Amino acid sequence: MSAWTCNIGVFGRVIRGTIGLAAGATGVYLLMTSDYDFLATGLCTLGGFAVFEGVVGWCAIKAMGINTPF
């Protein structure tokens with residue numbers, strides 16, 4: 001089994017992509033309008049990783065052996 005084997009379905013990919021875009025957009029908004037730089041950077045990072053999971057079709061949690069509903 002290779003490191004990036006697809007382990008989620010289409011619905012899971014859509015969910016992760018949507019969550020990633022929402023988290024990234026919220027992080028960018030916070031960076032531009034508030035003083036919560038640490039939180040905003042964390043949201044941008046989380047959003048980028050979630051979009052990556054959605055594009056590749058690989059879930060880090062499932063790769064560790066934990067079952068997720070999607």
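**Rings, helices and a charged pair**

Guide: Rings of Phe, Tyr and Trp (its six-membered ring) pair if their centres lie within 6.5 Å, with planes under 30 degrees apart called stacked, over 60 edge-to-face and the rest tilted; by this rule the count comes to 4 aromatic pairs. One of them is edge-to-face, joining Trp4 and Phe52 at 5.3 Å centre to centre with 90° between the planes. Because Trp4 lies in the segment before helix 1 (10-33) and Phe52 in helix 2 (residues 37-56), this pair ties together parts 48 residues apart in sequence; helices here are DSSP runs (H or I, at least four residues), numbered from the N terminus. This is a predicted model, in which local features need pLDDT of at least 70 and side-chain atom pairs count only at pLDDT 80 or more, while totals for chains, interfaces and linings use all residues. Residues are numbered from 1 along each chain as its sequence is written, and side-chain values use heavy atoms, leaving out hydrogens and water.

Visitor: Which residues do the ring pairs link into a cluster?

Guide: The cluster consists of Trp4, Phe49, Phe52 and Trp58.

Visitor: How many salt bridges does a search of the whole structure find?

Guide: Side chains of opposite charge can pair when their charged atoms come close. With a salt bridge taken as a side-chain nitrogen of Lys or Arg within 4 Å of a carboxyl oxygen of Asp or Glu, the search finds 1, in which the side chains of Glu53 and Arg16 meet at 3.9 Å, N to O. Glu53 belongs to helix 2 and Arg16 to helix 1, 37 residues apart.

Visitor: Are Glu53 and Arg16 buried or exposed?

Guide: Both Glu53 and Arg16 are buried, meaning under 20% relative accessible area, where exposed is over 50% and partly exposed lies in between (1.4 Å probe, protein chains only).

How values were computed: Helices (H or I, at least four residues) and strands (E, at least two) are DSSP runs, numbered from the N terminus.
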